[in-house]
There are 6 protein chains.
Amino acid sequence: MPTIIVEGPKLDIEKKRELVKEIYEIASKIYGIEHIVIIIKENSPENVGINGKLLIDREKNLE
Amino acid sequence: MPTIIVEGPKLDIEKKRELVKEIYEIASKIYGIEHIVIIIKENSPENVGINGKLLIDREKNLE
Amino acid sequence: MPTIIVEGPKLDIEKKRELVKEIYEIASKIYGIEHIVIIIKENSPENVGINGKLLIDREKNLE
Amino acid sequence: MPTIIVEGPKLDIEKKRELVKEIYEIASKIYGIEHIVIIIKENSPENVGINGKLLIDREKNLE
Amino acid sequence: MPTIIVEGPKLDIEKKRELVKEIYEIASKIYGIEHIVIIIKENSPENVGINGKLLIDREKNLE
Amino acid sequence: MPTIIVEGPKLDIEKKRELVKEIYEIASKIYGIEHIVIIIKENSPENVGINGKLLIDREKNLE
(Lines give C-alpha, C1' and ligand atoms only; values in the text may rest on other atoms or scores of the structure.)
Protein backbone atom coordinates (compact mmCIF):
# COMPACT_ATOMS: atom_id res chain seq x y z
CA MET A 1 0.00 0.00 0.00
CA PRO A 2 -0.76 2.73 -1.11
CA THR A 3 -2.43 1.78 -4.38
CA ILE A 4 -3.29 4.49 -6.89
CA ILE A 5 -5.82 3.77 -9.67
CA VAL A 6 -5.73 6.20 -12.60
CA GLU A 7 -8.90 6.11 -14.71
CA GLY A 8 -8.23 7.95 -17.98
CA PRO A 9 -8.11 7.70 -21.79
CA LYS A 10 -5.55 5.66 -23.79
CA LEU A 11 -1.87 6.64 -23.26
CA ASP A 12 1.27 5.69 -25.18
CA ILE A 13 3.98 3.80 -23.27
CA GLU A 14 6.32 6.75 -22.95
CA LYS A 15 3.62 8.75 -21.20
CA LYS A 16 2.81 5.78 -18.97
CA ARG A 17 6.46 5.66 -17.87
CA GLU A 18 6.41 9.38 -17.10
CA LEU A 19 3.05 9.21 -15.27
CA VAL A 20 4.10 6.29 -13.06
CA LYS A 21 7.54 7.74 -12.31
CA GLU A 22 6.33 11.21 -11.35
CA ILE A 23 3.19 10.20 -9.43
CA TYR A 24 5.30 7.67 -7.53
CA GLU A 25 7.85 10.30 -6.51
CA ILE A 26 5.14 12.56 -5.10
CA ALA A 27 3.13 9.85 -3.36
CA SER A 28 6.24 8.25 -1.88
CA LYS A 29 7.45 11.64 -0.58
CA ILE A 30 4.06 12.63 0.89
CA TYR A 31 3.14 9.25 2.41
CA GLY A 32 6.73 8.49 3.40
CA ILE A 33 6.23 4.98 2.04
CA GLU A 34 8.45 3.17 -0.47
CA HIS A 35 6.18 0.44 -1.83
CA ILE A 36 3.46 2.06 -3.98
CA VAL A 37 1.44 0.41 -6.78
CA ILE A 38 -0.03 2.54 -9.59
CA ILE A 39 -2.61 0.95 -11.94
CA ILE A 40 -3.37 2.76 -15.20
CA LYS A 41 -6.85 2.11 -16.60
CA GLU A 42 -7.29 3.00 -20.28
CA ASN A 43 -10.96 3.68 -21.03
CA SER A 44 -12.29 3.86 -24.60
CA PRO A 45 -14.30 7.06 -25.39
CA GLU A 46 -17.26 4.73 -26.00
CA ASN A 47 -17.23 3.81 -22.31
CA VAL A 48 -16.98 7.25 -20.72
CA GLY A 49 -19.92 9.57 -20.20
CA ILE A 50 -19.44 13.23 -19.34
CA ASN A 51 -22.52 15.27 -18.38
CA GLY A 52 -24.78 12.66 -19.95
CA LYS A 53 -23.03 12.16 -23.29
CA LEU A 54 -20.54 9.52 -24.41
CA LEU A 55 -17.08 10.97 -24.98
CA ILE A 56 -17.09 9.43 -28.47
CA ASP A 57 -20.18 11.47 -29.35
CA ARG A 58 -18.87 14.65 -27.75
CA GLU A 59 -15.67 14.31 -29.79
CA LYS A 60 -17.64 13.84 -33.04
CA ASN A 61 -19.46 17.13 -32.42
CA LEU A 62 -16.09 18.90 -32.19
CA GLU A 63 -15.01 17.69 -35.66
CA MET B 1 -17.14 14.88 -9.14
CA PRO B 2 -19.26 12.75 -8.72
CA THR B 3 -17.76 9.77 -10.58
CA ILE B 4 -19.92 6.69 -11.18
CA ILE B 5 -18.25 3.39 -12.10
CA VAL B 6 -20.58 0.80 -13.65
CA GLU B 7 -19.16 -2.75 -13.51
CA GLY B 8 -21.24 -4.96 -15.80
CA PRO B 9 -21.23 -7.27 -18.87
CA LYS B 10 -20.62 -6.09 -22.49
CA LEU B 11 -23.11 -3.52 -23.83
CA ASP B 12 -23.75 -2.26 -27.36
CA ILE B 13 -23.17 1.45 -28.00
CA GLU B 14 -26.85 2.36 -28.17
CA LYS B 15 -27.37 0.96 -24.67
CA LYS B 16 -24.28 2.79 -23.44
CA ARG B 17 -25.74 6.06 -24.70
CA GLU B 18 -29.02 5.34 -22.92
CA LEU B 19 -27.30 4.23 -19.67
CA VAL B 20 -25.07 7.30 -19.49
CA LYS B 21 -27.87 9.72 -20.38
CA GLU B 22 -30.39 8.38 -17.88
CA ILE B 23 -28.02 7.76 -14.96
CA TYR B 24 -26.63 11.27 -15.48
CA GLU B 25 -30.09 12.84 -15.31
CA ILE B 26 -30.83 11.14 -12.00
CA ALA B 27 -27.43 11.73 -10.39
CA SER B 28 -27.34 15.35 -11.51
CA LYS B 29 -30.87 15.95 -10.12
CA ILE B 30 -30.18 14.23 -6.79
CA TYR B 31 -26.69 15.63 -6.18
CA GLY B 32 -27.56 19.01 -7.66
CA ILE B 33 -24.26 18.91 -9.52
CA GLU B 34 -23.73 19.41 -13.26
CA HIS B 35 -20.33 17.83 -13.89
CA ILE B 36 -20.64 14.04 -13.49
CA VAL B 37 -18.38 11.37 -15.02
CA ILE B 38 -19.72 7.86 -15.68
CA ILE B 39 -17.24 5.07 -16.52
CA ILE B 40 -18.65 1.85 -18.03
CA LYS B 41 -16.57 -1.25 -17.34
CA GLU B 42 -17.33 -4.19 -19.64
CA ASN B 43 -16.32 -7.46 -17.93
CA SER B 44 -16.03 -10.75 -19.86
CA PRO B 45 -18.03 -13.66 -18.33
CA GLU B 46 -14.67 -15.37 -17.87
CA ASN B 47 -13.70 -12.69 -15.35
CA VAL B 48 -16.83 -12.60 -13.19
CA GLY B 49 -17.58 -15.07 -10.42
CA ILE B 50 -21.04 -15.34 -8.89
CA ASN B 51 -21.44 -17.53 -5.78
CA GLY B 52 -18.16 -19.26 -6.52
CA LYS B 53 -18.62 -20.04 -10.23
CA LEU B 54 -17.40 -18.17 -13.30
CA LEU B 55 -20.27 -16.60 -15.23
CA ILE B 56 -19.02 -18.34 -18.38
CA ASP B 57 -19.49 -21.72 -16.67
CA ARG B 58 -22.87 -20.80 -15.18
CA GLU B 59 -24.07 -19.76 -18.65
CA LYS B 60 -22.90 -23.10 -20.19
CA ASN B 61 -25.01 -25.00 -17.64
CA LEU B 62 -28.07 -23.05 -18.81
CA GLU B 63 -27.61 -24.15 -22.45
CA MET C 1 -23.55 -8.44 -11.08
CA PRO C 2 -23.67 -5.57 -12.22
CA THR C 3 -22.17 -3.51 -9.40
CA ILE C 4 -22.38 0.28 -9.55
CA ILE C 5 -20.08 2.40 -7.37
CA VAL C 6 -21.16 6.02 -6.91
CA GLU C 7 -18.34 8.28 -5.70
CA GLY C 8 -19.85 11.57 -4.54
CA PRO C 9 -20.33 14.00 -1.64
CA LYS C 10 -22.44 13.30 1.49
CA LEU C 11 -26.15 12.59 0.86
CA ASP C 12 -29.13 12.42 3.24
CA ILE C 13 -30.96 9.10 3.47
CA GLU C 14 -34.00 10.22 1.49
CA LYS C 15 -31.76 11.09 -1.48
CA LYS C 16 -29.92 7.78 -1.11
CA ARG C 17 -33.25 5.95 -1.39
CA GLU C 18 -34.14 7.93 -4.51
CA LEU C 19 -30.67 7.48 -6.08
CA VAL C 20 -30.63 3.71 -5.54
CA LYS C 21 -34.23 3.21 -6.69
CA GLU C 22 -33.90 5.23 -9.90
CA ILE C 23 -30.42 4.09 -10.95
CA TYR C 24 -31.53 0.49 -10.34
CA GLU C 25 -34.58 0.87 -12.59
CA ILE C 26 -32.44 2.16 -15.47
CA ALA C 27 -29.59 -0.31 -15.07
CA SER C 28 -31.95 -3.26 -14.68
CA LYS C 29 -33.89 -2.20 -17.81
CA ILE C 30 -30.76 -1.62 -19.92
CA TYR C 31 -28.80 -4.69 -18.79
CA GLY C 32 -31.89 -6.86 -18.58
CA ILE C 33 -30.61 -8.14 -15.23
CA GLU C 34 -32.52 -8.24 -11.95
CA HIS C 35 -29.76 -8.52 -9.35
CA ILE C 36 -27.83 -5.20 -9.21
CA VAL C 37 -25.76 -3.83 -6.30
CA ILE C 38 -25.26 -0.07 -5.91
CA ILE C 39 -22.63 1.18 -3.44
CA ILE C 40 -22.75 4.85 -2.42
CA LYS C 41 -19.41 6.32 -1.36
CA GLU C 42 -19.64 9.56 0.60
CA ASN C 43 -16.41 11.55 0.27
CA SER C 44 -15.60 14.49 2.56
CA PRO C 45 -14.65 17.73 0.68
CA GLU C 46 -11.26 17.40 2.38
CA ASN C 47 -10.61 14.23 0.40
CA VAL C 48 -11.61 15.38 -3.09
CA GLY C 49 -9.37 17.39 -5.41
CA ILE C 50 -10.74 19.13 -8.48
CA ASN C 51 -8.25 20.67 -10.91
CA GLY C 52 -5.55 20.62 -8.25
CA LYS C 53 -7.46 22.10 -5.32
CA LEU C 54 -9.23 20.41 -2.41
CA LEU C 55 -13.01 20.83 -2.62
CA ILE C 56 -12.98 22.19 0.95
CA ASP C 57 -10.68 25.03 -0.18
CA ARG C 58 -12.63 25.70 -3.37
CA GLU C 59 -15.82 26.00 -1.31
CA LYS C 60 -14.17 28.47 1.14
CA ASN C 61 -13.26 30.76 -1.78
CA LEU C 62 -16.95 30.86 -2.79
CA GLU C 63 -18.03 32.16 0.65
CA MET D 1 -23.16 -7.71 -1.85
CA PRO D 2 -20.26 -8.25 -1.00
CA THR D 3 -18.34 -7.44 -4.18
CA ILE D 4 -14.65 -8.33 -4.40
CA ILE D 5 -12.46 -6.71 -7.09
CA VAL D 6 -9.17 -8.48 -7.78
CA GLU D 7 -6.62 -6.29 -9.57
CA GLY D 8 -3.81 -8.51 -10.86
CA PRO D 9 -1.88 -9.74 -13.94
CA LYS D 10 -3.32 -11.99 -16.67
CA LEU D 11 -4.57 -15.42 -15.51
CA ASP D 12 -5.57 -18.55 -17.46
CA ILE D 13 -9.17 -19.73 -17.11
CA GLU D 14 -8.34 -22.69 -14.89
CA LYS D 15 -6.72 -20.37 -12.35
CA LYS D 16 -9.68 -18.00 -12.58
CA ARG D 17 -12.01 -20.87 -11.69
CA GLU D 18 -9.84 -21.79 -8.72
CA LEU D 19 -9.48 -18.15 -7.55
CA VAL D 20 -13.22 -17.46 -7.70
CA LYS D 21 -14.18 -20.76 -6.04
CA GLU D 22 -11.75 -20.48 -3.14
CA ILE D 23 -12.14 -16.76 -2.42
CA TYR D 24 -15.91 -17.24 -2.51
CA GLU D 25 -15.78 -20.05 0.05
CA ILE D 26 -13.79 -17.89 2.48
CA ALA D 27 -15.76 -14.69 1.98
CA SER D 28 -19.09 -16.48 2.21
CA LYS D 29 -18.00 -18.26 5.44
CA ILE D 30 -16.63 -15.10 7.06
CA TYR D 31 -19.42 -12.73 6.01
CA GLY D 32 -22.11 -15.36 6.43
CA ILE D 33 -23.57 -14.23 3.12
CA GLU D 34 -24.40 -16.41 0.12
CA HIS D 35 -24.54 -13.93 -2.76
CA ILE D 36 -20.99 -12.68 -3.49
CA VAL D 37 -19.67 -11.22 -6.75
CA ILE D 38 -15.95 -11.45 -7.60
CA ILE D 39 -14.59 -9.38 -10.51
CA ILE D 40 -11.14 -10.29 -11.88
CA LYS D 41 -9.26 -7.43 -13.51
CA GLU D 42 -6.38 -8.48 -15.76
CA ASN D 43 -3.85 -5.64 -16.05
CA SER D 44 -1.12 -5.63 -18.71
CA PRO D 45 2.44 -5.12 -17.32
CA GLU D 46 2.47 -1.92 -19.40
CA ASN D 47 -0.25 -0.49 -17.18
CA VAL D 48 1.14 -1.31 -13.73
CA GLY D 49 3.80 0.73 -11.96
CA ILE D 50 5.64 -0.60 -8.92
CA ASN D 51 7.90 1.80 -7.01
CA GLY D 52 7.97 4.17 -9.96
CA LYS D 53 8.73 1.72 -12.77
CA LEU D 54 6.40 -0.01 -15.23
CA LEU D 55 6.19 -3.74 -14.60
CA ILE D 56 7.06 -4.33 -18.26
CA ASP D 57 10.36 -2.49 -17.74
CA ARG D 58 11.10 -4.20 -14.42
CA GLU D 59 10.57 -7.59 -16.08
CA LYS D 60 12.96 -6.68 -18.95
CA ASN D 61 15.70 -5.91 -16.42
CA LEU D 62 15.30 -9.42 -14.98
CA GLU D 63 15.94 -11.10 -18.37
CA MET E 1 0.52 -5.97 -7.03
CA PRO E 2 -2.03 -7.70 -6.94
CA THR E 3 -4.44 -5.51 -4.99
CA ILE E 4 -7.75 -6.96 -3.80
CA ILE E 5 -10.57 -4.62 -2.75
CA VAL E 6 -13.32 -6.24 -0.66
CA GLU E 7 -16.55 -4.22 -0.61
CA GLY E 8 -18.78 -5.60 2.16
CA PRO E 9 -20.63 -4.83 5.43
CA LYS E 10 -18.93 -4.09 8.78
CA LEU E 11 -16.68 -6.86 10.16
CA ASP E 12 -15.09 -7.33 13.60
CA ILE E 13 -11.30 -7.40 13.75
CA GLU E 14 -11.02 -11.16 14.29
CA LYS E 15 -12.92 -11.77 11.05
CA LYS E 16 -10.76 -9.21 9.26
CA ARG E 17 -7.66 -11.12 10.33
CA GLU E 18 -9.16 -14.37 9.06
CA LEU E 19 -10.36 -12.82 5.77
CA VAL E 20 -6.99 -11.23 4.98
CA LYS E 21 -4.98 -14.34 5.96
CA GLU E 22 -7.05 -16.81 3.95
CA ILE E 23 -7.63 -14.68 0.84
CA TYR E 24 -3.89 -13.91 0.81
CA GLU E 25 -2.96 -17.61 0.92
CA ILE E 26 -5.18 -18.36 -2.09
CA ALA E 27 -4.23 -15.33 -4.16
CA SER E 28 -0.53 -15.79 -3.46
CA LYS E 29 -0.73 -19.50 -4.43
CA ILE E 30 -2.72 -18.85 -7.63
CA TYR E 31 -0.81 -15.80 -8.81
CA GLY E 32 2.52 -17.11 -7.60
CA ILE E 33 3.23 -13.66 -6.16
CA GLU E 34 4.29 -12.84 -2.60
CA HIS E 35 3.41 -9.16 -2.25
CA ILE E 36 -0.40 -8.79 -2.19
CA VAL E 37 -2.43 -5.92 -0.70
CA ILE E 38 -5.99 -6.51 0.49
CA ILE E 39 -8.19 -3.49 1.30
CA ILE E 40 -11.39 -4.10 3.30
CA LYS E 41 -14.15 -1.56 2.70
CA GLU E 42 -16.87 -1.50 5.35
CA ASN E 43 -20.11 -0.10 3.91
CA SER E 44 -23.01 0.99 6.11
CA PRO E 45 -26.41 -0.58 5.17
CA GLU E 46 -27.55 2.98 4.46
CA ASN E 47 -25.08 3.17 1.58
CA VAL E 48 -25.79 -0.14 -0.16
CA GLY E 49 -28.70 -0.70 -2.55
CA ILE E 50 -29.75 -4.20 -3.60
CA ASN E 51 -32.35 -4.51 -6.38
CA GLY E 52 -33.40 -0.91 -5.87
CA LYS E 53 -33.75 -0.83 -2.08
CA LEU E 54 -31.34 0.35 0.60
CA LEU E 55 -30.05 -2.56 2.70
CA ILE E 56 -31.14 -0.66 5.83
CA ASP E 57 -34.75 -0.69 4.57
CA ARG E 58 -34.59 -4.32 3.43
CA GLU E 59 -33.36 -5.31 6.90
CA LYS E 60 -36.22 -3.38 8.61
CA ASN E 61 -38.76 -5.36 6.56
CA LEU E 62 -37.26 -8.59 7.90
CA GLU E 63 -37.82 -7.55 11.55
CA MET F 1 -12.27 12.58 -16.64
CA PRO F 2 -9.59 11.45 -15.72
CA THR F 3 -10.40 10.32 -12.19
CA ILE F 4 -7.58 9.24 -9.88
CA ILE F 5 -8.37 7.20 -6.76
CA VAL F 6 -5.62 7.15 -4.12
CA GLU F 7 -5.98 4.29 -1.63
CA GLY F 8 -3.65 4.95 1.31
CA PRO F 9 -3.38 5.51 5.08
CA LYS F 10 -4.68 8.60 6.95
CA LEU F 11 -3.16 11.94 5.86
CA ASP F 12 -3.30 15.40 7.45
CA ILE F 13 -4.92 18.17 5.42
CA GLU F 14 -1.68 19.91 4.49
CA LYS F 15 -0.41 16.70 2.89
CA LYS F 16 -3.73 16.24 1.11
CA ARG F 17 -3.37 19.71 -0.41
CA GLU F 18 0.16 18.89 -1.56
CA LEU F 19 -0.81 15.45 -2.92
CA VAL F 20 -3.77 16.78 -4.92
CA LYS F 21 -1.85 19.78 -6.26
CA GLU F 22 1.21 17.85 -7.41
CA ILE F 23 -0.56 14.79 -8.81
CA TYR F 24 -2.92 17.12 -10.69
CA GLU F 25 -0.02 19.00 -12.28
CA ILE F 26 1.54 15.79 -13.57
CA ALA F 27 -1.68 14.14 -14.74
CA SER F 28 -2.90 17.33 -16.43
CA LYS F 29 0.47 17.74 -18.22
CA ILE F 30 0.67 14.11 -19.35
CA TYR F 31 -2.98 13.67 -20.37
CA GLY F 32 -3.25 17.20 -21.72
CA ILE F 33 -6.58 17.51 -19.95
CA GLU F 34 -7.65 20.25 -17.56
CA HIS F 35 -10.53 18.71 -15.66
CA ILE F 36 -9.16 15.98 -13.35
CA VAL F 37 -10.76 14.61 -10.16
CA ILE F 38 -8.60 13.07 -7.42
CA ILE F 39 -10.29 11.10 -4.63
CA ILE F 40 -8.24 10.36 -1.49
CA LYS F 41 -9.30 7.22 0.39
CA GLU F 42 -8.04 7.02 3.97
CA ASN F 43 -7.91 3.37 5.11
CA SER F 44 -7.50 2.42 8.77
CA PRO F 45 -4.63 -0.05 9.46
CA GLU F 46 -7.32 -2.45 10.67
CA ASN F 47 -8.70 -2.64 7.14
CA VAL F 48 -5.48 -3.19 5.18
CA GLY F 49 -3.78 -6.56 4.81
CA ILE F 50 -0.23 -6.86 3.50
CA ASN F 51 1.10 -10.35 2.75
CA GLY F 52 -1.64 -11.90 4.83
CA LYS F 53 -1.39 -9.76 7.96
CA LEU F 54 -3.41 -6.72 9.02
CA LEU F 55 -1.32 -3.55 8.99
CA ILE F 56 -2.40 -2.89 12.60
CA ASP F 57 -0.83 -6.21 13.64
CA ARG F 58 2.32 -5.67 11.56
CA GLU F 59 2.78 -2.28 13.21
CA LYS F 60 2.39 -3.79 16.74
CA ASN F 61 5.21 -6.25 15.99
CA LEU F 62 7.49 -3.31 15.15
CA GLU F 63 6.94 -1.65 18.56
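# Pockets and paired chains

User: What's the volume of the second largest pocket?
Analyst: The second largest pocket comes out at about 280 Å³. A pocket here is an open set of points on a 1 Å grid over the protein atoms alone, where a 1.4 Å probe fits, with protein on both sides within 12 Å along at least five of seven lines. Volume is the space filled by probe spheres set on the points, joined across faces, edges and corners.

User: And which residues are closest to its centre?
Analyst: B:Met1, B:Ile33, C:Ile50, C:Leu55 and C:Glu59 are the closest, out of twelve residues that line the second largest pocket. Lining means having an atom within 4 Å of a point.

User: Before I go on, what kind of model is this?
Analyst: It's a predicted model, where local features need pLDDT of at least 70 and side-chain atom pairs count only at pLDDT 80 or more, while totals for chains, interfaces and linings use all residues. Residues are numbered from 1 along each chain as its sequence is written, chains are lettered from A and ligands numbered from 1 in the order written, and side-chain values use heavy atoms, with hydrogens and water left out.

User: OK, back to that pocket. Which element gives the largest share of the lining?
Analyst: Helix α2 of chain C, residues 55-62, gives the largest share of the second pocket's lining, with four residues. Helices are DSSP runs (H or I, at least four residues), and strands are E runs of at least two, numbered from the N terminus.

User: How do the residues of that lining divide by class?
Analyst: The second largest pocket has seven nonpolar, three polar and two charged lining residues. Asp, Glu, Lys and Arg count as charged, Ala, Val, Leu, Ile, Met, Phe, Trp, Tyr, Cys and Pro as nonpolar, and the others, Gly among them, as polar.

User: What about the largest pocket, what's its volume?
Analyst: The largest pocket is about 1300 Å³. It's lined by 49 residues, and A:Ile5, C:Ile5, D:Ile5, E:Ile5 and F:Ile5 sit closest to its centre. Its lining splits into 19 charged, 18 polar and twelve nonpolar residues.

User: Switching to chains. How many residues does the contact take from F and from A?
Analyst: Chain F and chain A put in 25 residues each, with contact meaning heavy atoms within 4.5 Å. About 2300 Å² is buried between chain F and chain A, 72% of it from carbon and sulfur atoms. F:Met1, F:Ile30 and F:Tyr31 lose the most area on the F side, together 32% of what that side buries. Buried area is the accessible area (1.4 Å probe) lost when two parts are put together, summed over both.

User: How far apart are the closest C-alpha atoms of A and C?
Analyst: They're 13 Å apart, and no contact joins chain A and chain C.
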